[in-house]
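Hi,

Here is the structure I promised to pass on. Have a look at it first, and then read my notes below.

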Number of protein chains: 2
Amino acid sequence: MADANDPGLLSAPQTALLVDLYELTMSASYHHERLDAPAVFELFVRRLPPNRDWLLVAGLGPALRLLREMRFGEAELSYLRACGFDDSFLERLSTLRFTGDVDAMPEGTLAFADEPLLRVTAPRIEGQLVETLLLNQVNFQTMIATKAARVTLAAGGGKPGRGERVIDFSPRRDHGIDAAMKVARSAAIAGCAGTSNVAAAMRYGLRPLGTMAHSYVLSFQGEREAFEAYLRCFPESSVLLVDTYDVEQGVRNAIAAARTTGFPLRGVRIDSGDLEQLAWLARGLLDEAGLEDATITVSGDLEEVQIAHLVGAGAPIDRFGVGTDLGTSRDSPTVNGVYKLVADRSGGAWRGVRKLSAHKQTLPGAKQVWRRIEEGEMQGDLVAPEGEPAPGEPLLLPAMRAGEVVLEESLEQIATRASAGLASVPARLRRAETPQGTEPYPVEISPSLTAA
Amino acid sequence: MADANDPGLLSAPQTALLVDLYELTMSASYHHERLDAPAVFELFVRRLPPNRDWLLVAGLGPALRLLREMRFGEAELSYLRACGFDDSFLERLSTLRFTGDVDAMPEGTLAFADEPLLRVTAPRIEGQLVETLLLNQVNFQTMIATKAARVTLAAGGGKPGRGERVIDFSPRRDHGIDAAMKVARSAAIAGCAGTSNVAAAMRYGLRPLGTMAHSYVLSFQGEREAFEAYLRCFPESSVLLVDTYDVEQGVRNAIAAARTTGFPLRGVRIDSGDLEQLAWLARGLLDEAGLEDATITVSGDLEEVQIAHLVGAGAPIDRFGVGTDLGTSRDSPTVNGVYKLVADRSGGAWRGVRKLSAHKQTLPGAKQVWRRIEEGEMQGDLVAPEGEPAPGEPLLLPAMRAGEVVLEESLEQIATRASAGLASVPARLRRAETPQGTEPYPVEISPSLTAA
């Protein structure tokens, strides 16, 4: 059954088994102890990751679909039987569907430490068995959307809404196939213009973008012959890579190839060297040739600090292709979201549950987050018990009811929310580098949560 | 067709479209220029990642299966038609199968900068279209196997073969579903004892391992009641989590619960606090109770430096559960493998191809890597043109011939190779932290590669 060289791809129902073993052992025990009354779990981060002043939430949409599809099939049940799980529990799993409620910050919401990004209310076993899947999807996609938002802010000189200058070039450095699909989606949430990943573009309706590789140029007798061949094949959309040999000669060859073929040169890409200086060189040559509309794309290990520098210096760059740093959030490659039991209903009434381990306390009870915005700027958040009235807007909305998805949004809706959110973050927290000592965004915890 | 909330999971044939757009545009141009003679591409890193003195190669087995399965189906072809690709090229894609050869370092081989990890010899279009998929799989899995090897070395006090002390606890922090599956597999290659990820354990025949969560303990009236319920359900395999309230009382409760139920206490897990001190405390209490065989597992943001410290201090710890750092290679979260055209046969004869961009030179021609081992220690590698005789063992072996997989190994075989390789790395490069100025492993480039 097991196969060391299996491609390792799961279908949506099969993700039911993407659990940590302890979720199954605990669930088996709950089953035998008849501890399956509804319970409440919340997903949140205890601390923001290093170099991050906020998180841009992502991953909810695909995660809810996975919850809806999860099933323990025959193969999974046989495997669990071989692992020692007993028939009574396996019978429970064989008919298990996720029937719970999810309340969540819609994707594209800005979030902070101690704020539940989502809350699951479900029979305890169901709530327990979705822990790993939810964390696996939401931690990672939130991390990427956050990184992508930082990059788009940098490309816009600190202002949101300039994502059209950023392209996801990351699939070769992403952590596997699911990562490549979700990085492209998360980048779109942050406003990126498109992705080089064609499978993701197809699946999510994104704009597929790309140019050519050095190997293409090397495959012809000369650079100019390569450019002419490319223009003949893609007369309407040619962006030519000009740094295989020498950028100045490359731009001259691109201009000449466009003249020879009679097709327009849409732009050039520079992938190495001093990008600021080379962009000026290329801009000068293109303008001199009357090609003021030809764009300049740059790439090559770019991230937000370097992009902010290029934009700040006024370099004539139209587009940034961002790969490794966008796809891995290299400077801060984890979001440490946790999924904690906060309330249960063992005895008929709801009871808040808190954990007291050293340095790892959990606030008890179901919570809501309230955000006050004044004159377009976020003023502060309050984390309060669900149901306690508070000023501002509540951030957690109904996303799933009795196992049915009730919150489904388009990527345009989500990206619009993200853009509005980023525009309302205090300006001090929108820079590529936040100086030490900068006042963090204020998040208050309602006294009724800590007094208990 | 596109769906913003799609789970985003691909089947093996669908991964044919996991390409960067430029691979398709270049291939379309090659098709029209009739440039589809065999070409040679090599995958290698130009520099080792920060904090890494070697790489442990992984990802080949699943990647070859994906190459074998890739197909452009009807849906993909319609999408590409809508993107503007013409009928002649789409017809080529509709029957395209990967028919090339792959030579590769088997998984579990140690590799260094400038050494091809794999080499593809295939009709140019096929060779081009598999670029992203190969990089996506091999970069990431090699990164994780390398990190996992560092962790297992630390757990063994710098000696390989003590991987049985390390468990993969990472799925909640891995970058998506494919990442979670492949992290577990890569960790097994590095010798880890097992994984908490049940789907990966099933698919890859790994040992599923786990304990319980704090939420389980919080779900009962008291800690002792929770432990007793768990022992009743899993009398043969109970490892109890003892830090929900207070570790000392937790261990006492675990011992008492075992006595009450009459089932053996297999071990305890500590997930927070001063692990060295708490491990001593737990060991003392367990020994006092005559439970010398009960193991101590620790977890909580562990990585190799911290583990090396705990092992060096002689802390009585049997097992390390490693999550975030193992699954994301947090201190060095990318392997910058590239995939470069190195030779083609445009005019009937093979021709080496080199790239000359600033700082990004590529050595021309198909290459082999030779390793000299004396008295069980690696002495140095030589990168030479394929076919040039050299002393030592050649590292690249036939892995695929005419699209058929010819190198398939079990995870035991691969882990055995990895363990032998790690044992033969010079001891100065086996520490959790390599001091600045440490002599790197010597890799020579044959003069015939640079002279050309």
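How many bridges join strand 17 of chain B to strand 18 of chain B? Two, and the strands run antiparallel. One thing before I go on: this is a predicted model.

**The sheet in chain B**

That pair belongs to an open sheet of seven strands in chain B, with the order 13-12-1-5-3-17-18 and antiparallel pairing. Strand 13 (351-352) and strand 18 (404-405) of chain B are the edge strands, each pairing on one side only.

- Strand 3 (residues 101-104) of chain B pairs with strand 5 (residues 118-123) of chain B over four bridges, in the antiparallel sense. B:Ala104 stands opposite B:Leu118 there.
- Strand 3 of chain B also pairs with strand 17 (residues 397-401) of chain B, over three bridges and again antiparallel. Here B:Val102 faces B:Met400 as its opposite number in strand 17.
- B:Met400 turns up again in the pairing with strand 18 of chain B, where its bridge partner is B:Val405.

Helix 2 (residues 60-69) of chain B lies across strand 3, strand 5, strand 17 and strand 18 of chain B, and it runs at about 25 degrees to strand 17 of chain B. Helix 6 (residues 131-155) of chain B touches strand 1 (38-45), strand 5 and strand 12 (337-344) of chain B, with its direction at about 135 degrees to that of strand 12 of chain B.

**The sheet in chain A**

Chain A has an open sheet of seven strands too, in the order 13-12-1-5-3-17-18, with antiparallel pairing. Its edges are strand 13 (351-352) and strand 18 (404-405) of chain A; each has a single partner strand, so one side of each is left without a neighbour in the sheet. Strand 3 (residues 101-104) and strand 5 (residues 118-123) of chain A are joined by four bridges and run antiparallel, and A:Asp103 stands opposite A:Arg119 in strand 5 of chain A. Helix 2 (residues 60-69) of chain A packs on the sheet and touches strand 3, strand 5, strand 17 (397-401) and strand 18 of chain A, making about 25 degrees with the direction of strand 17 of chain A. Helix 6 of chain A lies across strand 1 (38-45), strand 5 and strand 12 (337-344) of chain A, at about 135 degrees to strand 12 of chain A.

**Helix pairs in chain A**

Helix 6 of chain A also meets helix 7 (residues 177-189) of chain A: their axes come within 8 Å and cross at roughly 50 degrees. Helix 6 and helix 7 of chain A are therefore oblique to each other, and their crossing is right-handed. On the helix 6 side the contact has A:Phe140, A:Gln141, A:Ile144, A:Ala145 and A:Ala148, and on the helix 7 side A:Lys182, A:Val183, A:Ser186, A:Ala187 and A:Ile189. By class that makes seven nonpolar, two polar and one charged residues.

Then there is helix 3 (residues 74-82) of chain A with helix 4 (residues 87-94) of chain A, whose axes come within 10 Å and cross at roughly 160 degrees. An angle over 145 degrees counts as roughly antiparallel, and these two helices of chain A are therefore described that way. Their crossing is right-handed. A:Leu77, A:Leu80 and A:Arg81 of helix 3 make the contact with A:Leu90, A:Leu93 and A:Ser94 of helix 4, which divides into four nonpolar, one polar and one charged.

**Domains and the chain contact**

Chain A is divided into domain 1 (13-143 + 332-450) and domain 2 (154-328), with 37 Å between their centres, taken over C-alpha atoms. In the contact, 19 residues of domain 1 of chain A meet 15 residues of domain 2 of chain A. Helix 15 (411-424) and helix 6 (131-155) of chain A each supply at least two residues of the domain 1 side, and helix 15 gives the most, with seven residues. That side has twelve nonpolar, three polar and four charged residues.

Last, the contact between the chains: 98 residues come from chain A and 98 residues from chain B. On the chain A side, the largest share is the eight residues from helix 1 (residues 21-32) of chain A. The residues of that side divide into 47 nonpolar, 32 polar and 19 charged.

Cheers

Technical notes: Residues numbered from 1 in each chain as written. Chains lettered and ligands numbered in written order. Predicted model: local features only at pLDDT ≥ 70, side-chain atom pairs only at ≥ 80, totals over all residues. Contact = placed C-beta atoms within 7 Å. Nonpolar A, V, L, I, M, F, W, Y, C, P; charged D, E, K, R; others polar. Domains from an automatic or database assignment. Pairing = 2+ DSSP bridges. Axes fitted to C-alpha atoms, helices over the stretch in contact; angles between N-to-C directions. Parallel < 35°, antiparallel > 145°, perpendicular 65-115°, else oblique. Left-handed = near helix turned anticlockwise from the far one by under 90°.
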